[in-house]
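Trainee: Could we go through this structure together, one question at a time?
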Amino acid sequence: MTSITVLHGASLLSYLGAGGLAMSSLAAGHRNVPRAGVALIATALLVHAAGLIVYTVRFAELPLVGLGASLSTLAFLIGAALLGAAALRSVRPLALVLIPLIAILLAGALTLGLAPGRTVSQFRGVWFAAHVVLAFLGYASLAVAFAAGLLYLVQWRALKGKNFGRAFRFFPPLETLDRLRQSALFLGFFALTFALTLAWAWTIRFLNTLATENLQVIWGVVTWLVFSAALLSRAGGGGAERRAAATVVAGFFVVVLSYVLLRVVADARGFL
Amino acid sequence: MPLTLIGLSHHTAPIEVRERFAAEVQAGRPSLDQIAQSPGVSEAVMLSTCNRTELYLLTEHEPDHDALVRMLPQPPGIDVQDVPQFTYTRAERAVVDHLFRVVSSLDSMILGEPQIQGQVRSAYESALKLQREQRVVGPVLSRLFENALRVGAQVRTDTRLGEGAASVPSAAVELARKIFGSLRGRHALIMGTGEMSELALDCLIAEGARATVVSRTEGRARELARKTHSVAVSTEGFSAVLPTVEIIVTATAAPHAIVTREFMDRVLPRGPREPLLIVDLALPRDVEPEVGAIRNVFLYNLDDLHQVIQGTMAQRRAELPLAEQIIIAGVTDFWTWYRGLDVVPMIRGLRERAEQMRVQEVERALRALGHLSPEDRAAVEALTRQLLAKWLHQPTVKLRQAAANGHATDILTAARYLFELDREQDREQERDRERERDRD
């Protein structure tokens, strides 16, 4: 077992501990995730960062190529967003949604193995790093927007249905969740737009094509459309907040589903 | 010197009685320095709130009940003979336990209410202020109240006893916060000018909301608006401001619904643009239930608010075991110190006697060891001091513990016998008598 695997495993355990604390706080009728939960998230993130640094040193490249490494980097970015959210006391319950996501990504990374991809991409260097980091930032933002949207729908239902139980007490105010979701969507939208622009700039410059048949490009465009739909659905009044929350939740599942479908097609054509 | 408490509270006296006692205390009848001057009273603190009037005393001897009753205020209209039926007394450890529970709001009418800590602090500080003219609080009640306030603060921070809304206006504010987050700058509209409207208005303004008051009696609306730096509009102006409003609190005395579905559909045909919270505090209700079905409208009535309060109270009750643990630890801590006061003269005597013996023995030994250097002599001194301190440490601790556990009498008798402290005291008294004879 390598130090990279050990560090990733330890990070996963810390995240699960924080998730457990968040769950038990909700079950006990508390109003927030305790500070110990935030400390566990911070610990998990630090250990995770150490794992990624060891990876970079050992393989002399950033953990951006290969599915295992990519999942780990994406999980790290979501973890960083979660820690940022946890610093704002009112949105700590996002951990209930984001920690399971991070855990799935990390478990996937550990199962697939943390080593660089065997195929050498033509599209390497600074352009590549900037493209992948921006794309991952987009997907991490989508995850945060999804978590905020999901909690919004649950809290909205509790308030409208006059169900003043655990969820009502534990989940943040509607306004806070609405603002957080919109901020995450804006950030993710711009990050993904830049990521796609960089990729196309490269393919046009060196391959003289838009690479529309490339499955990664297709997935990126689907995600970009989901971002656009979620942002547009917030425009106007009369329940736009709830509409936007529902759109981003549905959009997240569309992105995940499209990834699964593209993976099925990918066997022959190569895909992350 | 026994600790004693006499008081009356919402557990034992109806509000008509409590308010008269509170009024007498406010008027300074009797004043605390009068009580402190009563025969046999060493220290006194009077706690008076709308729910309780309590007198905490440290007395020289166990006081009789009638004397205690006479120290309480004597409100006009209540015969002194009738007072005992409303009062309760506590003695010794039960006084400590009672005060710690009171300050932690475990004895309050609304479990976990925050005001009681300030009220206890203010009662203690009032007694301290009098201290400049006459001593009313000494080391025992000072320590009792300071420890009580510390325990109260710990209960507040270490448990969730103070969390959530426990009154109708605060439940309305909690609902508003769950929708809007911060209420700063939110536009609230208050319909009605009664007591409940005023309470809700105060709560919303305290949260930073800007308010508009609507009432059929325009003069009263203007007066309330002026008092709270808000705006008043007539009932006719209600439809005009409605589209800009985010929170509506209604508490009118109207015999029928004044905000109907038909009215809302007419004024806001596409529903409110932003979430609209309507809190109906009136009975009969001011808002038709169908209004709650409008998209983006969150409508709550008194029953809903009571549901929020019940949730809070259930959560607070679940915190009681933890709060009790903190209180028991605090009471034990104070009681150990307080009972330890009984053995202080004994411990002092024991230490003085032991030190006397040490000095004598060291002097004798050093005379025989004349060849020692000054450094060696100092080392012998230090060694014997350390030995003595170590040897006396455990008996001192055990004596204090015995006192705290109520076994002081037997242990003190045994210690006096074993260390001949009585003979030492006799010798001291004999020396005093000789000195007096010499002076004569």
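Mentor: Gladly! Let's begin with a definition: buried means under 20% relative accessible area, exposed over 50%, and partly exposed in between (1.4 Å probe, protein chains only). This is a predicted model, where local features need pLDDT of at least 70, side-chain atom pairs count only at pLDDT 80 or more, and totals for chains, interfaces and linings use all residues. Residues are numbered from 1 along each chain as its sequence is written, chains are lettered from A and ligands numbered from 1 in the order in which they are written, and side-chain values use heavy atoms, with hydrogens and water left out.

Trainee: Is Ser42(B) buried or exposed?
Mentor: Ser42(B) lies in strand 2 (residues 41–48) of chain B; strands are DSSP runs (E, at least two residues), helices are H or I runs of at least four, and both are numbered from the N terminus. Ser42(B) touches Leu58(B) and Arg135(B), among others, where contact means heavy atoms within 4.5 Å. Because its relative accessible area is 16%, Ser42(B) counts as buried.

Trainee: Which helix of chain A holds Phe206(A), and what is the relative accessibility of Phe206(A)?
Mentor: Phe206(A) is found in helix 7 of chain A. Phe206(A) counts as partly exposed because its relative accessibility is 46%.

Conventions
Lists of a residue's contacts leave out its neighbours within four places in sequence.
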